[in-house]
Amino acid sequence: MDLAEIWRVMRRRWYVLLPGLLLTAALTTAVHLLIPVEYQSQSTVTLLNSSKATEAFDGNPFLSTQASLTGMADGLARNLNSDGAKADLKALGVTGKHEVKIADNAQGPFMWLTVTGTDPAAVLKSDELLAGYADKRLKEFQTQQSVAPEAMIRMATIVPPQKPQAQTKTRLQYIVMVGALGFVLSLVAVFFVEARRRTPRGKNRPAPAGTPTAAAAPVPVPVGAAPAATDETMALRTVGPGGAGAT
């Protein structure tokens, strides 16, 4: 079946295709309306060495880096993603979903603080609250270990919480998936109806005039055998030459 034949079938069964396409359009519109647009805000922070450790560098913390800072960043990120931290952040007014992780391809203890939600203003506010909570948790960790204030690791903001950006990829994927599935099912219904309505080739078709039937087909006679008696021969045997019945 080529494209021309497919097009002819679609035109012939338009009454099946049209409702399917209308239903597909309604479903894609419903997905567009029911799945809200999500917004995302992200900030970047880094961990700095203590003021005591930077005395040899004239107090410049960016000249004093240690591998232990990256380990501390990883531990802090895990704590901020825990259930306990989620409960604390919710009590502080953080809405939506938050995520904390070491920045991709980071050359140091850089962390990404990300918040995702449906309200842009609430997302921005939540990202600011998350940054403040992260700094607080970092100080609490060190206080629990009785670290002197001048020896504590510090946190600095590299990129403040950014203006929330719309994340439309997920909703677009659902819309495309529903639209493609609806179109395919509509075509399947069209060809199903076409197959049911089309008469099979050779079925219920009258035979051409003059074609011998099975009853009228001649019966082959074996070689050397007497020919079978026909209807005329039987009538002569019964009536006789004179027209009277045979004796």
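Q: Buried means under 20% relative accessible area, exposed means over 50%, and partly exposed lies in between (1.4 Å probe, protein chains only). Which of these does S126 count as?
A: Its relative accessibility is 0%, which is under the cut-off of 20%, so S126 counts as buried.

Q: Before going on, what kind of model is this?
A: It's a predicted model, where local features need pLDDT of at least 70 and side-chain atom pairs count only at pLDDT 80 or more, while totals for chains, interfaces and linings use all residues. Residues are numbered from 1 along each chain as its sequence is written, and side-chain values use heavy atoms, with hydrogens and water left out.

Q: Where does S126 sit, and what is it in contact with?
A: S126 is in helix α5, helices being DSSP runs of H or I with at least four residues, and strands runs of E with at least two, numbered from the N terminus. Contact means heavy atoms within 4.5 Å. Setting aside neighbours within four places in sequence, S126 touches G93, V94, T95 and V115.

Q: What makes the D74 and R78 pair a salt bridge?
A: The rule asks for a side-chain nitrogen of Lys or Arg within 4 Å of a carboxyl oxygen of Asp or Glu. D74 and R78 have N to O at 2.9 Å, so the pair passes. Both sit in helix α3 (residues 67–80), 4 residues apart, or about one turn of the helix.

Q: Why is K101 with D104 called a salt bridge?
A: Their closest N and O atoms are 3.7 Å apart, and the limit is 4 Å, so the pair counts. K101 is partly exposed at 32%, and D104 is partly exposed at 45%.

Q: What about D135 and K139: why does that pair count as a salt bridge?
A: The N to O distance is 3.9 Å, which is within 4 Å, so it counts. The two residues lie in helix α5 (residues 120–144), 4 residues apart, about one turn. D135 is partly exposed at 24%, as is K139 at 46%. Elsewhere, salt bridges with shared partners join R12, R13 and E194 into one network.

Q: How many salt bridges turn up in the whole structure?
A: The search finds 7.

Q: Why are α4 and α5 called oblique?
A: Axes are lines fitted to C-alpha atoms, for helices over the stretch in contact, with angles from 0 to 180 degrees between N-to-C directions. Under 35 degrees is roughly parallel, over 145 roughly antiparallel, 65 to 115 roughly perpendicular, and the rest oblique. Helix α4 (residues 83–92) packs on α5 at about 125°, with the axes 10 Å apart, so the pair is oblique.

Q: Which residues make that contact?
A: A85, D88, L89 and L92 of α4 meet L129, L130 and Y133 of α5.

Q: What makes α1 and α6 roughly perpendicular?
A: The axes of helix α1 (residues 3–12) and helix α6 (residues 169–197) cross at roughly 85° and come within 10 Å. That angle falls in the perpendicular range, so the label is roughly perpendicular. I6, V9, M10 and R12 of α1 meet L187, V190, F191 and E194 of α6.
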